[in-house]
Amino acid sequence: MVKNSEQPKPLSTRDQRELVSLRDLSARVGSDPLLVQASNGNTSIKLDGILWIKASGKWLSHAMQEEMLVPLDLAEVKASIQKDAQITSRCALKHELRPSIETAMHAVLRHRVVLHVHSINAIAWAIRQDAPGQLKERLAGLHWRWIPYAASGIPLAREIERAMTGAPETDVFILGNHGLVVCGRDCHTAEKLLCEIERRLAITPRRFPRPDTTVLAMIARFSRWRFPDVASLHALGTDAVSRRILRGGVLYPCQAIFLGQTMPLLPPAVVLSRSTERLKGKGGTPAFVAVERSGVMLNEKMTSAERATLIGLAQVTQRTEESARLRYLAEAEVADVLGKGAQGYKEVLVRELDGERKTAYPQNAYIS
Ligand SMILES: [Zn+2]
């Protein structure tokens with residue numbers, strides 16, 4: 001066991017090179033909004049008994065500008081998982097950064113390099129009830145496994161372990177209502193495989209009606225809602241299929257954490273009535289409002305993580321077929337994510353996903 005006081009061994013030149021490769025790859029992957037939104041997604045490499053993993057709350061896209069890899073004693077992490085114990089900084093060789101909530105998953109995977117991304121294309125398949133069958137066709141010939149939804153942390157790691165039993169060569173995992181994991185012996189191999197999966201799972205987004213800028217301009221005039229700088233967001237209001245998908249419930253944890261459990265999807269008359277109370281949810285005024293048949297307006301206090309999550313959600317709904325039967329998160333699963341259920345890990349998830357965020361939605365009224 002590595003004691004806190006012990007200094008890690010100096011890295012060999014080869015290991016240093018591998019860490020730079022991982023940071024370089026992390027920055028590229030993290031800068032692609034179709035793979036990573038805000039601080040979600042995490043990467044790791046195992047070098048000489050040490051698991052180097054992305055820290056909670058860090059953005060992969062910043063990997064070349066700031067230190068974000070936490071070195072952990074791999075044997076110690078595995079022992080914690082076996083005992084079902086929390087992986088805490090006790091295992092960390094450096095203390096400034098906290099290891100990602102998905103550390104357990106990275107630790108149980110045998111491969112040296114592990115990339116976990118919230119691929120929009122993978123998620124668009126992974127929210128479907130018929131996902132395993134659809135993926136079977138598209139991922140034929142690859143060593144992949146379907147992982148039914150499991151809460152982040154040890155529950156997800158256990159599902160991954162179970163899937164690998166009898167199939168140790170598996171290097172692609174599609175996580176139900178969550179995302180994608182790709183593994184490799186080095187960064188180059190893992191990146192090549194990630195590109196191949198993305199190619200096979202690619203879906204062309206549906207076209208959507210243009211926003212009604214007259215209605216949106218009226219909303220903008222009397223309130224502090226602002227026009228989005230990304231046109232594709234309007235689909236959440238103007239596209240009937242997207243609206244129906246949104247009304248169905250929560251598709252994946254990030255949606256519940258950053259955008260709330262119920263989507264603020266309202267007819268223009270309600271938004272224009274200046275009825276603040278009708279827009280306010282339990283947590284205050286929402287980060288955005290989707291105006292039926294008109295488009296989307298953003299709360300000027302929206303955080304960058306909320307914005308990235310919303311752009312991702314619009315990309316997912318535009319890639320989801322009208323006829324697809326979807327698997328939404330169950331009430332208990334959403335409760336867990338939001339810290340009301342058995343696991344109560346919202347705090348951990350918020351720290352994991354958004355270092356900048358300190359509170360829930362602002363309590364002030366933005367439509368006055
Ligand atoms: Zn994830």
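Predicted model: local features only at pLDDT ≥ 70, side-chain atom pairs only at ≥ 80, totals over all residues.

User: How many helices and strands does the chain have?
Analyst: The chain has 16 helices and eleven strands. Both are DSSP runs numbered from the N terminus: helices are H or I with at least four residues, and strands are E with at least two.

User: And how much of the chain is buried?
Analyst: Of its 368 residues, 57% count as buried. Buried means under 20% relative accessible area, exposed means over 50%, and partly exposed lies in between (1.4 Å probe, protein chains only).

User: Let us turn to helix packing. How do α1 and α7 pack?
Analyst: Helix α1 (residues 13-30) and helix α7 (residues 187-201) pack at an angle of about 20°, and their axes are 10 Å apart. The axes are lines fitted to C-alpha atoms, for helices over the stretch in contact, and angles run from 0 to 180 degrees between N-to-C directions.

User: What is that arrangement called?
Analyst: The helices α1 and α7 are therefore roughly parallel to each other. Angles under 35 degrees count as roughly parallel, over 145 as roughly antiparallel, 65 to 115 as roughly perpendicular, and the rest as oblique.

User: Which residues make the contact?
Analyst: On α1 they are E18, S21, L22, L25, R28 and V29, and on α7 they are C187, E191 and L194. By class, this contact has five nonpolar, one polar and three charged residues. Here Ala, Val, Leu, Ile, Met, Phe, Trp, Tyr, Cys and Pro count as nonpolar, Asp, Glu, Lys and Arg as charged, and the others, Gly among them, as polar.

User: Now α2. Which of its residues are buried?
Analyst: In helix α2 (residues 74-82), the buried residues are L74, E76, V77, S80 and I81. Seen down the axis of α2, they fall within an arc of 165°, so they line one face of the helix. The arc is that of the directions from the helix axis to the C-beta atoms.

User: What is on the other side, and what does the buried side pack against?
Analyst: A75 and Q82 are exposed on the other side of α2. The buried residues of α2 pack against β1 (42-47), β2 (50-54), β3 (69-73), α3 (103-108) and α6 (154-164).

User: Which residues of α5 are buried, and which are exposed?
Analyst: In helix α5 (residues 131-138), A131, Q134 and L135 are buried. Seen down the axis of α5, these residues fall within an arc of 95°, so they line one face of the helix. The face turned away from the buried side carries the exposed residues K136 and E137. The buried residues of α5 pack against α4 (120-126), β5 (144-147), β6 (172-175) and α7.

User: On to single residues. Where is V117, and what does it touch?
Analyst: V117 is in strand β4 (residues 113-117) and is buried, with a relative accessible area of 2%. Leaving aside neighbours within four places in sequence, V117 is in contact with V29, L35, V36, G41, G179, L180 and L194. V117 and L35 are 82 residues apart in sequence and 5.6 Å apart in space, C-alpha to C-alpha.

User: Are A38 and D48 buried or exposed?
Analyst: A38, in the loop between α1 and β1, counts as buried at 8% relative accessibility. D48, in the loop between β1 and β2, is exposed, with a relative accessible area of 59%. Phi is positive in each residue, near 55° for A38 and near 55° for D48.

Conventions. Residues numbered from 1 in each chain as written. Heavy atoms only, no water. Contact = heavy atoms within 4.5 Å.
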